[in-house]
Amino acid sequence: LQIPWQISDDGWGIQIHKKDVTVDGGSFGWRDYPIKNIEKDIEKLIFRNYSVDRELTFEMISAAEKVLGGILPVRKWNETYWWTVGLTIDAINFVGLENLMIMLFNQAEGVHRLMAFLRDEKINMIEWCEREGILHDNSINDNIGSGGPGHVEGLSDPAKLKGDPVRLKEIWGFAESQETVGISPNMFVEFIFPYQLPILERFGMNYYGCCEPISKRFEWVRQIPRLRRISVSPLDDIRVCAETYGRNYVLCRKVNPSHVCSETFLEEAVRREIRETLHVARHLNIELILKDTHTICNDPYRIGRWVEIAREEINNNW
């Protein structure tokens with residue numbers, strides 16, 4: 001059981017008010033972004049000041065250990081404070097997705113200023129966590145990045161003593177830019193990647209990508225130091241990825257969740273996709289990941305059945 005460090009901050013200097021957009025009583029996103037004029041409003045942004053409530057954190061750990069009575073280990077955890085250092089979701093929270101797409105064309109200098117601020121603020125945040133000694137070793141049975149366990153040897157410093165704080169160079173880093181799936185590779189390398197790279201350089205190993213196809217961005221993504229894992233989303237061509245990435249990385253194959261989430265469980269489609277993946281990439285370093293299952297239509301049997309199908313195809317095609 002992982003108990004997160006109780007971390008808080010005092011904000012960015014401007015308030016993000018999320019006004020839901022509703023259709024027929026359901027929420028379908030939000031609007032009303034705080035930065036209206038990127039040249040003027042960006043001056044209002046400030047680095048967040050962070051604090052950690054250690055007393056409350058240890059009280060929560062003690063309560064959990066008391067309840068569990070030793071049947072399950074309890075540990076401190078930090079990754080709830082950031083999932084990605086990719087920056088683009090932060091940019092969109094400030095200006096909006098559609099607005100950002102337009103600003104890339106008509107307010108390019110403002111976008112560069114915003115991304116530079118977000119880069120520096122993110123570095124400030126992760127380095128604060130390191131100084132406070134509240135990072136945790138994610139090279140064990142942790143789900144890292146956009147899916148998959150972080151088991152790996154050689155990431156932790158063998159010379160460190162038990163109880164020594166974990167450092168950035170001893171953990172996995174993760175970034176993506178799935179929100180910018182609609183921009184060209186050249187725009188990605190101009191506006192996004194140069195601001196992610198200095199953050200990722202601080203981690204011991206790195207994982208890149210989520211729902212966006214990476215193969216067309218790989219020319220730049222491959223520059224990430226100690227890159228070990230690359231997401232292969234349903235939007236990417238597994239054949240192109242297998243040929244491009246080779247055995248230098250783990251191909252984190254995100255199978256299409258719609259086969260499991262649709263009104264009818266599409267078993268044959270599940271089997272066909274896994275079989276194709278194994279046929280193309282069975283000689284590579286590959287893992288199969290089922291995620292983004294936001295519904296299974298009240299049929300939990302589907303998850304177990306997906307695993308059975310995957311194992312059958314692995315046994316028959318590996």
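Trainee: In which helix does Thr57 lie?

Mentor: Helices (H or I, at least four residues) and strands (E, at least two) are DSSP runs, numbered from the N terminus. Thr57 lies in helix α2, residues 54-68. This is a predicted model, in which local features need pLDDT of at least 70 and side-chain atom pairs count only at pLDDT 80 or more, while totals for chains, interfaces and linings use all residues. Residues are numbered from 1 along each chain as its sequence is written, and side-chain values use heavy atoms, with hydrogens and water left out.

Trainee: Is Thr57 buried or exposed?

Mentor: Buried means under 20% relative accessible area, exposed over 50%, and partly exposed in between (1.4 Å probe, protein chains only). Thr57 has a relative accessible area of 0%, so it is buried.

Trainee: Where is Ser8, and what does Ser8 touch?

Mentor: Ser8 is in strand β2, residues 7-9. Its relative accessibility is 38%, so Ser8 counts as partly exposed. Beyond four places in sequence, Ser8 touches Asn49, Tyr50, Ser51 and Tyr81. Arg48 is 40 residues from Ser8 along the chain, and the C-alpha atoms of the two are separated by 9.5 Å.

Trainee: How many residues does the largest nonpolar core have?

Mentor: A nonpolar core is a set of buried Ala, Val, Leu, Ile, Met, Phe, Trp, Tyr and Cys residues joined through side-chain atoms within 4.5 Å. The largest one here has 68 residues, and those with the most contacts inside it are Leu45, Phe94, Leu114, Leu118, Tyr208 and Tyr245. Helix α5 gives the most to this core, with eleven residues. As for Phe94, leaving aside its neighbours within four places in sequence, it is in contact with Trp12, Ile14, Ile16, Tyr33, Pro34, Ile35, Leu45, Leu114 and Leu118.

Trainee: At what angle do helix α5 and helix α7 pack?

Mentor: Axes are lines fitted to C-alpha atoms, for helices over the stretch in contact, and angles run from 0 to 180 degrees between N-to-C directions. Helices α5 (residues 108-132) and α7 (residues 193-200) pack at about 10 degrees, with axes 9 Å apart. The two are therefore roughly parallel to each other (angles under 35 degrees). On the α5 side the contact is made by His112, Met115, Ala116, Arg119, Lys122, Ile123 and Ile126, and on the α7 side by Tyr195, Pro198 and Ile199. By class, this contact has seven nonpolar, one polar and two charged residues. Here Ala, Val, Leu, Ile, Met, Phe, Trp, Tyr, Cys and Pro count as nonpolar, Asp, Glu, Lys and Arg as charged, and the others, Gly among them, as polar.

Trainee: Where does Arg253 lie, and which backbone oxygen is 3.1 Å from its side chain?

Mentor: Arg253 belongs to strand β10, residues 250-254. A relative accessible area of 4% means that Arg253 is buried. The oxygen is that of Ser233, 3.1 Å from a polar atom of the Arg253 side chain. Not counting residues up to four places away, the residues that Arg253 touches include Ser233, Asp236, Glu273, Glu287 and Leu288.

Trainee: In which strand is Leu288 found?

Mentor: Leu288 is found in strand β11. Its relative accessible area is 23%, so Leu288 is partly exposed. Outside four places in sequence, Leu288 touches Arg253, Ile274, Thr277, Trp306, Ala310 and Ile314. Leu288 and Leu197 are 91 residues apart in sequence and 27 Å apart in space, C-alpha to C-alpha.

Trainee: What is phi of Leu87, and what is phi of Asn298?

Mentor: Phi of Leu87 is near 80 degrees, a positive value in a residue other than glycine. Asn298, also a residue other than glycine, has a positive phi near 60 degrees. Leu87 lies in the loop between β6 (75-77) and α3 (88-95), and Asn298 in the loop between β11 (285-289) and α12 (301-317). Leu87 counts as buried because its relative accessibility is 1%, whereas Asn298, at 80%, counts as exposed.

Terms used: Polar contact = N/O pair within 3.5 Å; in protein donor to acceptor, adjacent residues only side chain to side chain. Contact = heavy atoms within 4.5 Å. Parallel < 35°, antiparallel > 145°, perpendicular 65-115°, else oblique.
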